[in-house]
Amino acid sequence: MTSSMDSRMFSAEGFRHRALAQSGSPIEDAWREHGDFLLNPDVIPYLETLKLKDAAVLVPVVDDGDDARVIFTQRTATLRKHSGQVAFPGGSIDAEDDTPEVAALREAEEEIGLDRRFVEPIGRLPHYMAMSGFRIIPILAIVQPGFDLVPNPTEVEAIFDVPLSFLMDPRNHGRGRGHWQGAERHFYRMPYDGRNIWGITAGIVRMLYERLYA
């Protein structure tokens, strides 16, 4: 018989339960064991030599019944880095940010107008080491309904959401490949409703799946 928790595994409360119960290597070290870095093990020694800038992103899971939804942004084409790509709200951790959680909440307010009063951070994922020079800390959060979102036009072209059940289904985790610094690199891609979730963002989603739902 299916338990009530199993039947609501993609609800906000099911997500909370799994986020709080995650186990494995410490989040500072576990990045080597997940997602993109399993596809490209040869980049790990290179990443370990880099001096990375700390950043934080919010993984906002909206409490929406038995199938929660995850908020994403489409970045504007004018940004210097990762222009036009799908991303989680987030950015560099500033000196005045006491914690990565504070940074992620601040960035979400600045980028999409998400009032932090609706947001409850509940945990973190392992760091994501980006070839673009950032050590990204994904902050897992539950968002209560009732909020309004307004994109910052200098950073965000569009805001959309995706069912958590879609993102946590490995059948929707396609793979792509490209070239970086003269070598072939592999990455995850998760097309949804005309949007192409790929690169760093898809790598974080894959890590979320492996850490909480696999």
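I began with β2 and β3 (residues 86-87), which pair in the antiparallel sense over two bridges. For pairing I needed at least two DSSP bridges between two strands. T73 has A87 as its bridge partner in β3.

A note on what I was looking at: this is a predicted model, where local features need pLDDT of at least 70 and side-chain atom pairs count only at pLDDT 80 or more, while totals for chains, interfaces and linings use all residues. Residues are numbered from 1 along each chain as its sequence is written, and side-chain values use heavy atoms, with hydrogens and water left out.

Next I looked up β8 (residues 156-163): seven bridges join β8 to β2, again antiparallel.

Then I turned to β1 (residues 53-62), which runs antiparallel to β2 and is joined to β2 by two bridges. V61 stands opposite V70 in β2. The two strands form a hairpin with six residues between them, and G65 in the turn has a positive phi of about 75°.

Buried means under 20% relative accessible area, exposed over 50%, and partly exposed in between, using a 1.4 Å probe and protein chains only.

Last, I stepped back to the chain. I counted seven helices and 11 strands; these are DSSP runs numbered from the N terminus, helices being H or I with at least four residues and strands E with at least two. Buried residues make up 50% of the 214 residues.
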